[in-house]
Amino acid sequence: MKSKKHKHGFKVPKGYFQNFEEQLFAKIEEKQLPQQSGFQVPSDYFKKVEETIMKRLIVSKNPPKVINLFSRRTIGYAAAIAACAILIFSIINHTTTNFNNIKTASIENYINDRNIDIDSYDVMGLLNDTEINDISFGTQLFSDKNLEEYLLENMDDTTFLNE
Amino acid sequence: MVEEEVLVTALQSPQDKESAFRSLVSQYKERLYWHIRKIVLNHDDTDDVLQNTFIKIFKNIDAFKGDSKLYTWMYRIATNESITFINKRAKKANVTVGEYNDAAINNLKSDVYFEGDIIQLKLQKAIAGLPEKQQLVFKMKYFEYHTYEELSEILDTSVGGLKSNYHIAVKKITEFLKTNETF
C-alpha cells in the first residue's frame, strides 16, 4: 500500500464518521418540518407588559394593610357584648319562670274560668291523705234538698236492688 | 460578559435595582415570552407566567451568585414556572398533564392568537406526544436560537444527551406527521 503523500495534521472528533449519516439524515428531516409555530401575540402587548410587571412589583413591595380581626380591643368588645347578652337572657328567664310571685287568687280565677283543663282526680293525685282530710267543702253545695234532687235524678234503681 | 456583570451589580444594589430591573425586563421580555409560550401555548396563560417569572427574578436576584449566565438563570426560572403552571392547572382540572396539554392543543384551533394551519397543529400534537424532557429540548432547540452549550446550562444536561434527545424527537415527530394524515 502506498503511504500517504503528505501529513495534513487535521483530526476529527471521536466517532464522527460513525455518527455522520445519522446526524445528516436527522438534519434533513428537521428541515422538512414546519418552520413557523403559528403563534401570534396581541399588538402592543410587549409595550404594555413592562408597566404591568412594574405595577405588580410596587403592590408586592407595599402590601395592603391587613386589619387583624383578633386584636385585643376587638376581643374585649366581643366579650363585653356576649356578657351583656347572657345577663339579659338570664334576667328574662328569671322573671318569666318565677311562679312564686303569682297570687293564689289569680291562679284560682284562672282555673275557675276553665282556662286550664284540670280534672279533680289530677288534683287528688297531687295531695297526700292528710291534706285530703283537711279539705273542707262549703255546705251550700251539699244541702239536703240539693242532694235529694241529685239522687232522684241520677240514681239507677237497679243499684238498690243489687245491694 | 462585562455588560452582564454591570447589570447584575446594578440589580443587586438597592438604589439602582428598580431602573436596572426595568432594563432587564425590556431586554428579555420577548425572548422569555416566546420561550414560555411554546410550553403553555395560550397567550393569556403565557402573560401570567411571564409576569410571575419576572416577579420571581426580581425577588431572588440578590441570591444570584453568577455561577451561570444571568439569562440562563432567568430561562431556568421561566421553564420551571411554566411547568409548575401546567402541573397546577392539570391538578385543578383533575386530569393528567398529557390530557391537559391535549386539550390546550385542541383549543388552538379556535385561538385568535394562533394563525397556524393544519400542519402547525399537527406539529404541536406530535410534540405533545414526546416525553416531557424531550418536548422541552425539541422546543428550545427547534423554535429558539439556543446552542447546545446554552441548552446544556439551562437544562442541566450534557451536550451529548441533548443532541441525542433532539434527534430522537425529530425522528418521532417526523414519523407522527407521516402517519397522521388527518387531525
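This is a predicted model: local features need pLDDT of at least 70, side-chain atom pairs count only at pLDDT 80 or more; totals for chains, interfaces and linings use all residues.

Colleague: What share of the residues is buried in each chain?
Modeller: In chain B, 31% of the 183 residues count as buried. In chain A, buried residues make up 1% of the 163 residues.

Colleague: Back to chain B. What about contacts between residues that sit apart in its sequence?
Modeller: Take the contacts in chain B between residues at least 6 apart in sequence: 57% of them join residues at least 24 apart.

Colleague: Let's do the core. How many residues are in the largest nonpolar core?
Modeller: The largest nonpolar core has 39 residues. Leu32(B), Ile36(B), Met74(B) and Val137(B) have the most contacts inside it.

Colleague: Which elements give two or more residues to this core?
Modeller: In chain B, those are helix H2 (17–40), helix H3 (43–60), helix H4 (70–92), helix H6 (118–128), helix H7 (132–142), helix H8 (148–155) and helix H9 (159–179). H2(B) gives the most, with nine residues.

Colleague: Where does this core lie relative to the domains of chain B?
Modeller: Between them, because domain 1 (1–114) and domain 2 (116–183) of chain B both give residues to this core.

Colleague: You mentioned Met74(B). Which residues does Met74(B) touch?
Modeller: Leaving out residues up to four places away in sequence, Met74(B) touches Tyr28(B), Leu32(B) and Ile57(B). Leu32(B) is also among the residues with the most contacts inside the core.

Colleague: Change of topic: how do H7(B) and H9(B) pack?
Modeller: Their axes are 9 Å apart and the angle is about 90 degrees. That makes H7(B) roughly perpendicular to H9(B).

Colleague: Which residues meet there?
Modeller: From H7(B) there are Lys133(B), Gln134(B), Val137(B), Phe138(B) and Lys141(B), and they meet Leu162(B), Asn165(B), Tyr166(B), Ile168(B) and Ala169(B) in H9(B). By class, the residues of this contact divide into six nonpolar, two polar and two charged.

Colleague: And what about H5(B) and H6(B), what angle do they pack at?
Modeller: Helix H5 (residues 97–108) of chain B packs with H6(B) at an angle of about 175 degrees, and their axes are 10 Å apart. That makes H5(B) roughly antiparallel to H6(B).

Colleague: Which residues make that contact?
Modeller: H5(B) brings Asn101(B), Asp102(B), Ile105(B) and Leu108(B), while H6(B) brings Leu121(B), Gln124(B), Lys125(B) and Ala128(B). This contact of H5(B) with H6(B) has four nonpolar, two polar and two charged residues.

Colleague: Now the two chains together. How many residues are in contact?
Modeller: 27 residues of chain B are in contact with 21 residues of chain A. On the side of chain B that touches chain A, H2, H3, H6 and H9 each supply at least two residues.

Colleague: How do the residues on that side of chain B divide by class?
Modeller: Into twelve nonpolar, seven polar and eight charged.

Colleague: Where is Asp44(A) found, and is it buried or exposed?
Modeller: Asp44(A) is in the loop between helix H1 (16–32) and helix H2 (45–61) of chain A. Asp44(A) counts as exposed, because it has 8 C-beta neighbours inside 10 Å.

Colleague: What about Asn94(B)?
Modeller: Phi of Asn94(B) is near 60 degrees, again a positive value in a residue other than glycine. Its place is in the loop between H4 and H5 of chain B. With 7 C-beta neighbours inside 10 Å, Asn94(B) counts as exposed.

Colleague: Last one: where is Asn60(B)?
Modeller: Asn60(B) is in helix H3 of chain B. Asn60(B) is exposed, with 11 other C-beta atoms within 10 Å. Its C-alpha atom is separated by 9.7 Å from that of Gln12(B), 48 residues apart along the chain.

Note on methods
Residues are numbered from 1 along each chain as its sequence is written. Chains are lettered from A and ligands numbered from 1 in the order in which they are written. A nonpolar core is a set of buried Ala, Val, Leu, Ile, Met, Phe, Trp, Tyr and Cys residues joined through C-beta atoms within 7 Å. A residue is buried if 20 or more other C-beta atoms lie within 10 Å of its own, exposed if 12 or fewer, and partly exposed in between; C-beta atoms are placed from the backbone. Helices (H or I, at least four residues) and strands (E, at least two) are DSSP runs, numbered from the N terminus. Domain bounds come from an automatic or database domain assignment. Two residues are in contact if their C-beta atoms, placed from the backbone, lie within 7 Å. Ala, Val, Leu, Ile, Met, Phe, Trp, Tyr, Cys and Pro count as nonpolar, Asp, Glu, Lys and Arg as charged, and the others, Gly among them, as polar. Axes are lines fitted to C-alpha atoms, for helices over the stretch in contact, and angles run from 0 to 180 degrees between N-to-C directions. Angles under 35 degrees count as roughly parallel, over 145 as roughly antiparallel, 65 to 115 as roughly perpendicular and the rest as oblique.
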